[in-house]
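Let's take a question-and-answer walk through this one. Have a look at it first, then read on.

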Amino acid sequence: MSTDVTAQERVDQKAAESRKAAKADPAMLRQFLRLTDSTSDEMVKMIAEADAAAVTLQGEYQGARVRARQLREGQEKLTPDGSLPFMPFPVEEVFAEPLANFVRTQEASIGCDAAAIALPVIGQMAAGVGNSHRVEVIENNWYEPSTVWVFNLGKSGTHKSVVQRAALKPMKKWATDAYDEYAFSMESYDNTLAEWSAKPPNERKDKPTPPVCQRYAVNDITIEAHAIIQSENPHGVPLARPEGSGWLKGMGQYKKGGGGEMLSWIEFWDGDEMTIDRKTGTHRTVHIPAPCTTVISGTQPGALRRDLTAEHFDSGFAPRLLLCEPPTRPRRFTCTPVSTEVWYEYHAAIDGLYARPDGGRPIPFSPEAEVLWERYYNTCADAIELIKSDRLRAAFVKLETYCARFALILHLLDVHLDGVPPNEAPPPISFDAMRRAVILAVWWRHETARIYDKYGFLGFANSKFAEKADELPEVFTARDVEDVWNVQRAQSFKIIKGLVRDGIARQDQHGEYRKETVDFGDFGDFAGVTIDTKALLAGLGANSLESLQNPQSTRPEIETEPEPLEARQNGSHEAPAGDGVSTDEPAFVWDADDQEGEA
């Protein structure tokens, strides 16, 4: 325990030194930050501010690590029920200003947590992007669509439907306009068909083709019907319903067993070309070149625990769900309105995403973004190997993929806000979009681990004891096993042996056993990794650094295709060296003393 406290004190001391140094003269800052004399005074001050912010974040993270270990040792409980704490959603750190303003004003008006409105906003952004573009992770090999599956968890009366209705207003507007246009086209079609039918058979030419209604959302649909609608709407059609329990339970509702339908939904998430054969109907074979189905939904925690079965986890369906359970607030009527300006800016931002033409055109990473992605991905891949729970490991692997999708969505919104016309090809994924995507993925890792721990999703899917084990108390004895399984004493010890073998429980002391819970020691560094801004930006060039730190423009400007792109295409991942900035430090901050304490 003393090692943890000492490590935290060192982090606090370093943060204090950084804040103090940030106010010092440029000469002192150069020495403290190990910068060359050629670095301008203005550049030195910006790097010092970024370094101080990064160290502060690292200090906060290390403090959470200390408290987590205290929780494991029973010395302190972070929450009354011993579960992991909720981490506030990083609104301003992730969203552009129009969306951040919308989330904050809705938070005040509805009386909900910011995360509750942020989730459907992310889903609305993904639905707006649709199949207009895909992110090119590896040239000619790995592409990711904009598809996300966001799931808000909350008990009845926690405003799940209200926040979704507010966030999806742009989608509803586009859908209403499409229905009006369809109604007008149907009226014209009916008149044309009547004229065609009135003619003698020998005078009839080709029969008029009925119009197709452009769809922007569905809410209750079978996989076969959804496939037909997807094939007729190349932009992609999201599934938007406030209550998702029926969707989870309806897997295979019209089939013997749910495996087939569940696997088809997974294919929609993957976004790969797919073909569905039907036994009846006009459309016997449905081919979808580029599926794109974002899911925006939610359910009550009890329903989720009931509806997510071992089959959902074993098939890989459950790890694709971006789960979040925002903290509830007392129900109070508020008179806080959402201004017309906030509504207008939000609608205008989302409309800019819908305006881009379909086609799934790939967008590569910029050289700066690729440096961040490569280091983030490799660090995460190494840390995943430390995770004991197969279910949590699967969810974290999917969050690696989600990070690239987040970057695509955030980048295209930035492109629209920067005034790039919809028909013009967007620039490569920016460093700032990737940075914010990493922040969002890190936040969701913590929230995923918290929910998996809280609702007993950590157990091994293949263990026959997992479901019954949920009924055991946190610390149990052989007598508790006898009561839960209704067995004799001799059989209870066999069950306990199976629980320990499958990683569901461990022996606490003689005669007592403790259920396994989320252990920050398994993924703490992974879940809370922070980025040293100075070290990460080192070598990316003064233009990128200035644009990142300049509050007037938080996105790096790429006026022309940078020279390092050739190096990237040739397999090199080196970033260009910036003038006067040292590049000998790693991009990710690791506390060596703290890791020794872990060992």
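Q: Which residues line the largest cavity?
A: A cavity here is a set of points on a 1 Å grid over the protein atoms alone where a 1.4 Å probe fits but cannot get out, and lining residues have an atom within 4 Å of a point. This is a predicted model, where local features need pLDDT of at least 70 and side-chain atom pairs pLDDT 80 or more, while totals for chains, interfaces and linings use all residues. Residues are numbered from 1 along each chain as its sequence is written, and side-chain values use heavy atoms, with hydrogens and water left out. The largest cavity is lined by Leu 119, Pro 120, Val 150, Phe 151, Asn 152, Lys 160, Gln 164, Pro 242, Ile 296, Ser 297 and Gly 298.

Q: Which helices and strands each supply at least two residues of that lining?
A: Helices (H or I, at least four residues) and strands (E, at least two) are DSSP runs, numbered from the N terminus. Those that each give at least two residues to the lining of the largest cavity are α6 (114–129), β3 (149–153), α7 (160–167) and β7 (295–299).

Q: What is the volume of the largest cavity?
A: The whole structure has six cavities of 30 Å³ or more. A volume is the space filled by probe spheres set on the grid points, which are joined across faces, edges and corners. For the largest cavity, that comes to about 60 Å³.

Q: How many disulfides does the structure have?
A: A disulfide needs two cysteine sulfur atoms within 2.5 Å. Take Cys 403: its closest cysteine sulfur, in Cys 380, is 7.5 Å away, so that's too far for a bond. Searching the whole structure, the number of disulfides is zero.

Q: Is Cys 403 buried or exposed?
A: Buried means under 20% relative accessible area, exposed over 50%, and partly exposed in between (1.4 Å probe, protein chains only). Cys 403 has 0% relative accessibility, so this residue counts as buried.

Q: How many residues apart in sequence are the parts tied together by Glu 92 and Arg 104?
A: These two side chains meet in a salt bridge, 2.9 Å from N to O; that term means a side-chain nitrogen of Lys or Arg within 4 Å of a carboxyl oxygen of Asp or Glu. Glu 92 sits in α4 (residues 91–94) and Arg 104 in α5 (residues 97–111), so the parts they tie together are separated in sequence by twelve residues.

Q: What about the parts joined by Arg 329 and Asp 113?
A: Arg 329 and Asp 113 form a salt bridge, with their closest N and O atoms 3.9 Å apart. Arg 329 is in the loop between β8 (322–324) and α14 (340–354), and Asp 113 in the loop between α5 and α6, so the distance in sequence is 216 residues.

Q: Where does Asn 140 lie?
A: Asn 140 isn't a glycine, yet its phi is positive, about 60°. Most residues other than glycine have a negative phi. Asn 140 has 66% relative accessibility, so this residue counts as exposed. Its place is the loop between β1 (133–138) and β2 (142–144).

Q: And what value is phi of Asn 486 near?
A: Asn 486 is in the loop between α19 (478–485) and α20 (489–501). Its phi is positive although it's a residue other than glycine, with a value near 55°.

Definitions and conventions: 1 Å grid on protein atoms, 1.4 Å probe; cavity = no way out; pocket = protein on both sides within 12 Å on 5 of 7 lines; lining within 4 Å.
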